[in-house]
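Have a go at each task before you read its solution.

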Amino acid sequence: MTAYWCEWAWLGGDSATAAVLVRVDGDRIASVHSGAPPPADATVLSGLTLPGLANVHSHAFHRALRGRTQREPGGRPGSFWTWRERMYALAGRLTPETYLPLATAALAEMALAGVTAVGEFHYLHHGPDGRPYADPNEMGRVLLAAAAEAGVRITLLDTCYLHGGVDRPAEGVQRRFSDGSAGAWAERVEGLADGPSVRVGAAAHSVRAVDPASIAAIAAYAAGRDMPCHVHLSEQPAENADCLARYGTTPTALLDRAGALTARTTAVHATHLSAGDRALLAASGASVCLCPTTERDLADGIGPAAALRDAGVALSLGSDSHAVVDLLEEARAVELDERLATGARGHFGAAELLRAATEAGARALGWDAGRIAAGRLADLSTVDIGGVRLAGAGPEHLLDAVVFAGTAADVTHTVLGGEPVVVGGGHRRVGDVAAALRAAIAAVS
Ligand SMILES: [Zn+2]
């Protein structure tokens with residue numbers, strides 16, 4: 001049996017607990033005790049140990065675009081479309097051979113940031129001309145191999161993407177994304193299987209890229225296999241306008257009619273919602289994944305986080321386009337963006353934001369993790385509290401300090417299923433993650 005002794009640990013309440021001994025049996029937490037010095041057989045984790053962080057919404061290959069979409073070639077500021085064009089161009093270039101090192105390095109960066117579970121919203125399925133690879137799940141398997149190497153649990157949210165827009169066929173690079181029909185998508189997904197650190201999940205890209213009948217088929221497939229089911233929802237006002245013009249209803253109501261709002265559903269972004277949309281999400285038990293750093297970067301808007309929470313919708317977090325990879329930044333952004341939008345403080349406390357980054361995220365991805373408690377998966381992330389950003393925070397302010405001032409760079413250790421992945425700020429398997437990112441990004445740029 002392995003043991004970790006945490007100088008401080010967050011056990012789910014409003015403050016940190018001192019001197020917490022976590023014993024691990026297999027890949028699960030066997031017991032949690034506090035108040036005693038470290039026994040000789042325990043690994044000491046200095047700082048504040050959190051349950052492993054869950055990054056619920058990721059497109060791993062977008063990592064290669066970081067810093068490269070802020071401006072047009074002539075120097076004019078880039079728009080959402082600058083980003084989209086570069087993302088499509090990159091998607092057009094990737095091969096299984098270049099995707100594996102890129103995804104491995106991107107997921108290893110997440111591990112360094114304290115992430116132990118990722119939801120990979122995967123739509124880059126086929127070869128450059130849209131024809132399936134000999135193994136039609138080759139690109140999905142690249143992501144599974146990358147996650148194994150990076151030491152991160154993966155929920156492969158295999159995404160159905162059929163249309164370039166409402167009533168428009170998939171064209172250009174979008175042909176790499178499309179299986180042609182929801183039936184063909186389901187047939188391909190049947191070739192994927194769960195493993196100890198792998199969950200297969202379903203996703204409909206959006207109401208733009210998937211028609212209502214196909215959304216209904218995807219939802220039924222996910223229900224039949226009790227899979228998580230994710231969907232991009234109302235990220236941009238244009239998506240709402242197109243949906244309203246074509247179907248006479250909001251994207252949320254369309255999902256509801258298609259049977260795609262259930263307790264296994266995670267709606268990603270949910271930025272531009274009506275009060276009726278929020279009520280539908282709440283009544284269905286669906287959760288919402290906010291991606292504040294991407295929403296900022298792309299000027300998408302500020303999602304109605306407090307209103308959703310008040311309606312009873314569980315919130316989780318994702319780094320989506322990886323403009324930055326820092327779940328602590330995503331967490332505090334939920335509160336800080338709300339402050340800017342309302343001119344008032346105090347919508348979300350640190351513990352509530354940490355729950356979004358851990359337990360709610362784990363649930364959205366289908367993992368029994370996200371809490372330091374007996375019986376849960378033994379996934380841990382430790383934040384150093386002795387560095388310049390967090391030095392001086394008293395015990396009673398530890399959660400506030402870590403959530404409102406800590407960064408990914410303060411994470412020193414991660415543990416996945418009881419096994420150390422990041423130790424002393426270094427990745428045990430990948431080694432020099434920055435070098436891996438440089439090489440992988442150079443190869444696709
Ligand atoms: Zn996304």
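**Exercise 1.** Does Asp-410 count as buried or exposed?

*Solution.* Keep in mind that this is a predicted model. Start with the cut-off: buried means under 20% relative accessible area. Asp-410 has 5% relative accessibility, so it counts as buried. Next, look at its partner: the side chain of Asp-410 meets that of Arg-389 in a salt bridge, at 3.0 Å from N to O. This pair links distant parts of the chain, 21 residues apart: Asp-410 sits in the loop between helix H14 and strand E16, and Arg-389 in the loop between strand E15 and H14. Finally, Arg-389 is partly exposed, with a relative accessible area of 40%.

**Exercise 2.** Find the protein donors of the zinc ion: which residues are they?

*Solution.* Begin at the ion and list the atoms: NE2 of His-57, NE2 of His-59, NE2 of His-232 and an OD atom of Asp-320, lying 2.1 to 2.7 Å from the zinc ion. Then follow the chain, where the donors have the spacing H-x1-H-x172-H-x87-D. His-57 belongs to strand E5, while Asp-320 belongs to the loop between strand E14 and helix H11, so this pair ties together parts 263 residues apart in sequence. Both His-57 and Asp-320 are buried.

**Exercise 3.** Look at strand E6: how many of its residues are buried?

*Solution.* Go through residues 115-122 one by one. Eight of the eight are buried, so strand E6 is largely enclosed by the rest of the structure. Now look for its neighbours. Strand E5 pairs with E6 in the parallel sense over four bridges, and E6 pairs with strand E7, also parallel, over six bridges. On the E7 side, His-122 has Asp-158 as its bridge partner. To finish, trace the path from E6 through helix H3 to E7: together they make a right-handed β-α-β unit.

**Exercise 4.** Which residue's side chain meets that of Asp-158 in a salt bridge?

*Solution.* The partner is Arg-188, at 2.7 Å from N to O. Asp-158 is in strand E7 and Arg-188 in helix H4, so the pair ties together parts 30 residues apart in sequence. Then check accessibility: Asp-158 counts as buried at 1%, and Arg-188 is buried too, with a relative accessible area of 6%.

Notes. Residues are numbered from 1 along each chain as its sequence is written. This is a predicted model: local features need pLDDT of at least 70, side-chain atom pairs count only at pLDDT 80 or more; totals for chains, interfaces and linings use all residues. Side-chain values use heavy atoms; hydrogens and water are left out. Buried means under 20% relative accessible area, exposed over 50%, partly exposed in between (1.4 Å probe, protein chains only). Helices (H or I, at least four residues) and strands (E, at least two) are DSSP runs, numbered from the N terminus. Two strands pair if DSSP finds at least two bridges between them. A crossover is right-handed if, with the strands pointing away from the viewer, the path from the first strand over the helix to the second runs clockwise. Donors are N, O and S atoms within 2.8 Å of the metal (3.2 Å for Na, K and Ca); water is not among the atoms, so sites may look incomplete. A salt bridge is a side-chain nitrogen of Lys or Arg within 4 Å of a carboxyl oxygen of Asp or Glu.
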